[in-house]
Amino acid sequence: MGYLSNKKHQAFIKTSLNIFLLFSLVMTFAGFYQNDFCALLAEYRFQLYLLLAVIFIYAFCKKIYLLSFIFFILSVINFFAISSTSNFFNSGSSSPDSSILFGNNQNSISPVLEQISRHNPEIIAITNSNLQNFEIQDIIPDNYKVIAPDNDFQNFIITRLPIKQSGRIDLNFGTYAAYAILEKNELPITYIAVDFSEFLPSQIDSMLKKISLFITQQDNPVVVFGNFNTVSWSYNLSAFIAENNLSVQNALFDNIRNPILPPQHYILGYSEGNFSGNIIMPFLNSFAKFTRF
């Protein structure tokens, strides 16, 4: 490469890095503000963190030390914003205490039955389904029971654990969350299945407050799981996690989708809990129908 070509190449690299720096500054600091647009930017903080880590190494190798230092600082800021509520890697054992299955918008019971047979989960929650034409209690394995608060199988829970109590939490906006108090190792645990996939951030905030009110009335540990339609480090969900002394039980790198798309499916439980979860994905024809939380 000639002298002039090399100078142009170096100038192109520095210009590209400066543009990415401006983009990163906006993404990093705008994500701390509380409005819908900034909340959208904050959802991609994990992807930004991964990019910043790569660009930091690249700039350092190119001996552009000032920019590499700034990229390092930005990556640290994003790391701590994410890790305040999230696990990067699963620290639990390979044999979880409880296994959870979650799915929404189900039109067929067959995938659910298939995965019950394969994973033998303790709790299965189905939301926004269209399964009212199936006699579900008659076709699931004998050791499972169905909990259907609305009696039309839109939102329901299937479990093989002893049932102490069940019902619904009215969340306004024409929806509710199904819950069940189940006995695990002679200890009652409240499981709440949520699906906020069709709601706006302001509505989600209101629904989380309703669930918080319900949690404060419980005398036993609580597990909240499902589609929260936001990331765990968002203002609304992180405040909910802190207020109720919960923690995220699934890890960011447990699922190959998470480095590409913002993770929105979570298991939130007490810190001592050890859970694993699967999600029903009937619309992904080229991938497995079930994937980890």
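Helices (H or I, at least four residues) and strands (E, at least two) are DSSP runs, numbered from the N terminus. The model on screen is predicted, so local features need pLDDT of at least 70 and side-chain atom pairs count only at pLDDT 80 or more, while totals for chains, interfaces and linings use all residues. Residues are numbered from 1 along each chain as its sequence is written, and side-chain values use heavy atoms, with hydrogens and water left out.

**Whole chain.** Select the protein chain. Its secondary structure comes to eight helices and twelve strands. The C-alpha atoms fill a box of roughly 80 × 40 × 35 Å along the principal axes. Of the 293 residues, 50% are buried (under 20% relative accessible area; exposed is over 50%, partly exposed in between, with a 1.4 Å probe and protein chains only).

**F71.** Next select F71, which is found in helix α4. Is F71 buried or exposed? F71 counts as buried because its relative accessibility is 0%. Show its contacts (heavy atoms within 4.5 Å): not counting residues up to four places away in sequence, F71 touches L17, F20, L21, L52, I55, F56 and A59.

**Helices α3 and α4.** Select residues 45-61 for α3 and residues 65-83 for α4; they pack at an angle of about 155°, with their axes 8 Å apart. Axes are lines fitted to C-alpha atoms, for helices over the stretch in contact, and angles run from 0 to 180 degrees between N-to-C directions. That angle makes α3 roughly antiparallel to α4 (over 145 degrees; under 35 is roughly parallel, 65 to 115 roughly perpendicular and the rest oblique). Residues in the contact include L52 and F56 of α3, and F71 and L74 of α4.

**The largest nonpolar core.** A nonpolar core is a set of buried Ala, Val, Leu, Ile, Met, Phe, Trp, Tyr and Cys residues joined through side-chain atoms within 4.5 Å. Select I192, F196, V224, F228, F240 and L268: of the 32 residues in the largest such core, these touch the most other members. Which element gives the most to this core? Colour α7 (201-216), which gives the most, with six residues. Finally, centre on I192: leaving aside neighbours within four places in sequence, its contacts include I169, Y179, I211, F214 and V224.
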